[in-house]
Amino acid sequence: MRLFHTSDWHLGQNLHGQERDFEHACFLEWLLRQLKHEQPDVLLIAGDIFDTVNPPVKAQERLYDFIVSAHEQQPALTIVMIAGNHDSGSRIELPAPLMRRLRTYALGRVLWLDDGQLDAERLLLPLPDASGAIAGWCLALPFLRPAEVTGPHLGDDYLKGIAQVHEWLIAAANAKRQPGQALIAVSHAHMAGGSVSEDSERSLIIGNAEALPASLFGADISYVALG
């Protein structure tokens, strides 16, 4: 199974008053060419697809045009995209029923069942390989806001709530997968212990009081696609 991992497109961004739509259009054209050349089975888009929770119409058109073009170019390609901290989870999920017809999964929020258990089923996505067989499972973890992971069943500690979500989701994935199937996590979060690239275009802060330890993703996870 071949994976292509990308994130933080920030479609609709204005940088120092300059609209970046032309740059984003060039990037998406480049990405289509890379997908055609590399022929991955799965494209992972790990959050911050848009730059704001209310992106301009042109930015949304860019995303949906790309998904349609990618599907037309490679009908067997599976696309998984999650919401980041810049995105509206509800907006990312809004066209999900239509996108599933294009082999695209859009996850923006975690949901809870009436008994207080995590709705893990919607966050576990099958990943077929070139033959069509399920080669792995994707654990799709959109950016987790405090209101989503605290409350009567989880308590008031944000980081403990996040840890519980990871634990329950990994347990559900291990119960579902068959021998030989890999577990691939896609997440958008501040991670502890990261380093800043010297090529970054502006100063970045890696991690803070809400930084998550890499140990949340145990040895059962073959690859973690972060945004």
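Contact is defined as heavy atoms within 4.5 Å. Helices (H or I, at least four residues) and strands (E, at least two) are DSSP runs, numbered from the N terminus. The model is predicted: local features need pLDDT of at least 70, side-chain atom pairs count only at pLDDT 80 or more, and totals for chains, interfaces and linings use all residues. Residues are numbered from 1 along each chain as its sequence is written, and side-chain values use heavy atoms, with hydrogens and water left out.

Helix α2 spans residues 57–73. Its 17 residues reach 24 Å from first C-alpha to last, close to the 24 Å expected at 1.5 Å a residue (1.5 Å times one less than the number of residues). Buried residues (under 20% relative accessible area, 1.4 Å probe, protein chains only; exposed, over 50%; partly exposed, in between) in α2 are Ala59, Gln60, Leu63, Phe66, Ile67, Ala70 and His71. They lie on the same side of α2 because they cover an arc of only 125° around the axis, taken from the directions from the helix axis to the C-beta atoms. Val57, Asp65 and Glu72, on the other side of α2, are exposed. The buried residues of α2 pack against α1 (21–38), β4 (42–46), β5 (78–82), α3 (89–93), α4 (96–99) and β6 (104–107).
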